[in-house]
There are 2 protein chains.
Amino acid sequence: MLNDRAHEILGFIRRFAREHGFPPTIREIGVEFGISSTNGVRFYLKMLEKAGYLKRCGKISRGLVPVTPGGAVSSAPSFGYPLLGTVAAGQPILAEESFDGSLDPRDVFGDPRGMFALRVRGDSMIEAGIFEGDYVVVRQQEAASAGEIIVALVEDDATVKYFHPRRGSIELVAANPKYQPIVVSSGMNFRILGVVRGVMRTVGR
Amino acid sequence: MLNDRAHEILGFIRRFAREHGFPPTIREIGVEFGISSTNGVRFYLKMLEKAGYLKRCGKISRGLVPVTPGGAVSSAPSFGYPLLGTVAAGQPILAEESFDGSLDPRDVFGDPRGMFALRVRGDSMIEAGIFEGDYVVVRQQEAASAGEIIVALVEDDATVKYFHPRRGSIELVAANPKYQPIVVSSGMNFRILGVVRGVMRTVGR
DNA sequence: TAATATAGTGCACGTCCGTGCAGCAAGTCA
DNA sequence: TGACTTGCTGCACGGACGTGCACTATATTA
């Protein structure tokens with residue numbers, strides 16, 4: 001559907017938008033690729049638009065918005081690592097062509113409002129892939145559903161555990177056979193601080 | 001220095017850029033704020049520029065780039081979850097007081113330049129806390145040190161593994177006893193794509 | 001061999017959009 | 001009371017920029 005040149009042009013639009021904060025004009029694209037006629041460029045823009053890689057806001061200057069085939073703006077001059085595809089099968093190519101979106105934590109974890117992060121201590125959740133030193137991203141809320149990973153305050157100790165409500169009590173289950181479930185009875189000081197929505201970890205160094 | 005109206009206008013430019021993928025024109029700002037003359041708007045733009053909140057690319061349509069006083073493009077307001085402390089001991093209080101910094105992926109993983117992200121398929125790294133569906137953040141480089149987690153291309157298959165150079169060959173070790181190490185001999189098609197620097201995961205939903 | 005797709009050139013037209021200049025009303029300061 | 005600042009209006013100018021139409025050259029396909 002799309003040839004190399006179309007992909008290069010899409011990559012240029014994305015790069016330009018990321019670097020400048022606004023998309024290029026048709027003529028600026030033309031200069032970049034040595035296309036002297038605006039229609040030479042328009043030919044590709046139509047192509048990209050039909051293929052769903054570009055949204056055009058007709059008649060408006062710089063009205064070129066690169067989108068992911070899904071529809072999200074993919075050039076937001078915001079933070080993001082280029083998301084190149086899937087690993088362990090297939091061949092990710094390290095170029096703009098295989099650009100698959102952006103790993104923006106806002107997209108991944110959601111709106112930072114009402115959320116906070118905590119650094120994890122201890123190994124009670126290793127089987128859930130939450131290790132010592134990891135950061136958990138938490139949505140602040142007072143209630144949770146069964147099976148969710150929550151951050152809770154039990155007798156003034158904050159802890160990360162699976163949430164399992166029982167008849168008349170609550171069980172907080174670790175993801176590590178080393179640890180017994182904590183049973184919270186009605187008399188105890190217990191409060192849910194939030195539900196874990198994400199995990200971030202640095203590797204090495 | 002800046003009055004309320006100037007701040008509102010800056011906010012509008014940022015919002016507009018985020019939603020549309022390109023900044024507004026002077027006239028579009030005017031319409032939004034009921035300012036019929038382009039010079040009414042320009043008055044504020046000059047103000048914002050002098051205060052360092054806006055970069056203007058003169059004479060160019062939509063040449064408005066909101067920046068932080070530091071200089072970084074800020075049409076996406078800098079991302080960050082408040083980092084409230086450590087969980088599993090101590091008592092994190094959900095207020096500004098216990099604010100311990102910000103969980104900004106730029107700080108955590110480093111400069112996005114030269115880095116990319118990949119979605120993980122398969123369970124070969126579960127003991128390293130890398131699960132199916134996680135995103136790995138990768139620094140692009142051709143060499144790696146022993147023991148690092150790398151993304152490599154082996155016979156056209158991309159894979160995430162521990163890197164262990166041996167005499168005359170390379171061993172790629174999974175973090176899952178289910179999988180045998182892959183031994184790369186000199187004749188094989190092998191290339192390091194980068195070194196894993198971080199992991200991100202969403203939980204639930 | 002004719003039809004069609006690809007990949008453009010070249011130009012005119014009209015609108016979009018930033019700029020410059022002139023002016024004005026309300027408030028404030030001296 | 002007169003100068004100055006703030007926060008605009010109004011307009012004309014010119015260049016930036018998207019669009020439409022006509023035309024061309026080279027492959028590819030039927």
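Around DNA strand D lie 23 residues, of which T25(A), I26(A), S37(B), N39(B) and G40(B) come nearest. Two or more residues each are given to the surface near DNA strand D by α2 (26–33) and α3 (38–50) of chain A and by α3 (38–50) of chain B. The model described here is predicted.

**Surface near DNA strand D**

- The element that gives the most to the surface near DNA strand D is α3(B), with four residues.
- By class, the residues of the surface near DNA strand D comprise four nonpolar, 13 polar and six charged.

**Surface near DNA strand C**

- DNA strand C has 23 residues around it, and those that come nearest are S37(A), N39(A), G40(A), T25(B) and I26(B).
- At least two residues of the surface near DNA strand C are supplied by each of α3 of chain A, α2 (26–33) of chain B and α3 of chain B.
- With four residues, α3(A) provides the largest share of the surface near DNA strand C.
- The surface near DNA strand C consists of four nonpolar, 13 polar and six charged residues.

**Fold of chain A**

- Chain A contains four helices and eleven strands.
- Chain A has 205 residues, of which 40% count as buried.
- Among the contacts in chain A with a separation of 6 or more, 50% are between residues 24 or more positions apart.

- Most residues other than glycine have a negative phi.
- R62(A), although not a glycine, has a positive phi of about 60 degrees.
- The loop that holds R62(A) runs between β1 (54–56) and β2 (64–66) of chain A.
- R62(A) is classed as buried because 24 other C-beta atoms lie within 10 Å, where the cut-off for a buried residue is 20 or more.
- In chain B, R62(B) is likewise not a glycine and has a positive phi of about 60 degrees.
- R62(B) is placed in the loop between β1 (54–56) and β2 (64–66) of chain B.
- With 24 other C-beta atoms within 10 Å, R62(B) is therefore buried.

Key: Residues numbered from 1 in each chain as written. Chains lettered and ligands numbered in written order. Predicted model: local features only at pLDDT ≥ 70, side-chain atom pairs only at ≥ 80, totals over all residues. Near = placed C-beta within 6 Å. Nonpolar A, V, L, I, M, F, W, Y, C, P; charged D, E, K, R; others polar. Buried ≥ 20, exposed ≤ 12 C-beta atoms within 10 Å, placed from the backbone. Contact = placed C-beta atoms within 7 Å.
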